Structures are given as structure tokens and as C-alpha cells.
Amino acid sequence: RKLVLLISGRGSNLQSILRACQSGQIADTEIVCVISNRAGAPGLALAKQAGIPTEIIAHRNYASRADFDAALRRSIDAYHPDLVVLAGFMRQLTTPFVTHYLGRLVNIHPSLLPAFPGLHTHARALEQGVCWHGATVHYVTPELDAGPIIVQAAVPVFPDDDPARLAARVLEAEHQIYPRALAAILSGHCRLEADRVHWSAPF
Ligand code: GRF
């Protein structure tokens, strides 16, 4: 099977997914392209080192979100991926784009959704004084960070946490659950049907 990954930055989730493809945790699957909307994304170097084709589609070069998403879609579809994986991709996608990939487009978000959609999740969690925080893998639907939830991991929040410490704890959990969720989807054990997530085998 084929994955296309979309990134904007560091690429640590890309790395955990790549390792899972290499080790067979995600079986018979290859990352066929990594696309970034930022030329300087460090994750691009990680992909290149691994011999994965990369593309830069800079949102700044497009007059509108619709134009950007159309270009993105052309590039992605040329690879005929089974799944499109958002791995730290920091652009909101338009409804036509999301609809085109419905059930084949997933994201990881650094909070226990529906708490803290959007940005700065760790600082907001600390401000609210929650005792548990975490990460969510979900199918992408047009409403931001609101798609059907595939899997979540919770981590404790400690009294002396700052956003960076908390983010690091959440990121470790992300690296555990994202490859496992992708493996479940690609093996057909998890699928989206009529806006709901269906499992035919335990996570
Ligand atoms: C992760 O925290 C992810 O949940 C969020 O953006 C961050 C990306 O990190 N969407 P990385 O680029 O995968 O290291």
C-alpha cells in the first residue's frame, strides 16, 4: 500500500511512521511521497535521507486556499495513495479537498479532542488545569479537528509542567498511536462508514 504524508515542520511523526513501515509494524506499506507547504521544513531532510520523494507546495504561491488545495490534490493523486496522512501539516484544508479524500485522510492532533481543537493545545490545557491531556488520531472532515475519532492516548499533567514538557510527553504518545492507527486502517481493521469509525479487530 501507499501513503502520502503532508508535513509543515519537524517531522517526528513522519519518522515514527517511516520506522513502522520499515519494521513491518505497518505491513506492506511504503511512503511514496512527503509533501510540505514550507520549503524549510526539517522533515523534508528526514524524508530525503530515507530516499522518499519530496515535494514543496508553498501555500504562499497560491492566490487562494482553493488554488493551493487544488495543486496539493493534483500532486497527491499522481501517487495514487491508499491513505493521505497529515503529520504536523499546519494548513486548514477546504471542504472540496477534504470531501475528495473522505475516509482516506487522517490527522493527529495534540489534545484529547473534542477538548482543545486548534493551536497552542498544551498551553491551553495547562491554563485550564486539566489533569489529563493527550493526542487524538481522527479522520479528517471539513470542520477543523472535529472528524470521527480513531484512537486517543492520554498522558498525565504534572504540577510543574510547562508547555514544552507537556508537549514532549504528548509527542511520545503520538509516536506510539499514529503508526498503530495507520496499521489498523491499512489492514482494513478500521474504516470510516457513514461518518462513524468501524472496527473489525481490537486496536
Ligand atoms: C504534533 O504535535 C502533531 O500532533 C501536530 O503537530 C506536531 C507535529 O510534530 N499536529 P512533528 O512535525 O510530527 O514532529
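## Helix α6 and the sheet

Helix α6 lies across strands β4 (83-86), β5, β6 and β7, and runs at about 30 degrees to β6. Helices (H or I, at least four residues) and strands (E, at least two) are DSSP runs, numbered from the N terminus. Axes are lines fitted to C-alpha atoms, for helices over the stretch in contact, and angles run from 0 to 180 degrees between N-to-C directions.

This is a predicted model, in which local features need pLDDT of at least 70 and side-chain atom pairs count only at pLDDT 80 or more, while totals for chains, interfaces and linings use all residues. Residues are numbered from 1 along each chain as its sequence is written.

## The sheet

The open sheet has seven strands in the order β3-β2-β1-β4-β5-β6-β7, and the pairing is mixed. Its edge strands, β3 (54-56) and β7 (149-156), each pair on one side only. From one strand to the next, the twist averages 20 degrees. Two strands pair if DSSP finds at least two bridges between them.

Strand β6 (residues 132-139) pairs with β7 in the antiparallel sense over seven bridges. Glycine 134 stands opposite alanine 154 in β7. Helix α2 (residues 42-49) packs on the sheet and touches β1 (2-7), β2 (30-36) and β3; the direction of α2 makes about 150 degrees with that of β2. Two residues are in contact if their C-beta atoms, placed from the backbone, lie within 7 Å.

## Helices α5 and α6

Helix α5 (residues 121-128) packs with α6 at an angle of about 115 degrees, and their axes are 9 Å apart. The two helices, α5 and α6, are therefore roughly perpendicular to each other (65 to 115 degrees counts as roughly perpendicular).

The contact is made by His122, Ala123, Ala125 and Leu126 of α5, together with Pro163, Leu166, Ala167 and Val170 of α6. By class, this contact of α5 with α6 has seven nonpolar, one polar and no charged residues. Ala, Val, Leu, Ile, Met, Phe, Trp, Tyr, Cys and Pro count as nonpolar, Asp, Glu, Lys and Arg as charged, and the others, Gly among them, as polar.

## The shell around the ligand

Of the 15 residues around the ligand, those that come nearest are Arg10, Ser12, Asn13, Gly88 and Pro110 (a residue is near a molecule if its C-beta atom, placed from the backbone, lies within 6 Å of it). By class, the shell around the ligand has six nonpolar, seven polar and two charged residues.

At least two residues of this shell are supplied by each of α1 (12-23), β5 (105-109) and α6 (163-186). Helix α1 gives the most to the shell, with three residues.

Key. Parallel < 35°, antiparallel > 145°, perpendicular 65-115°, else oblique.
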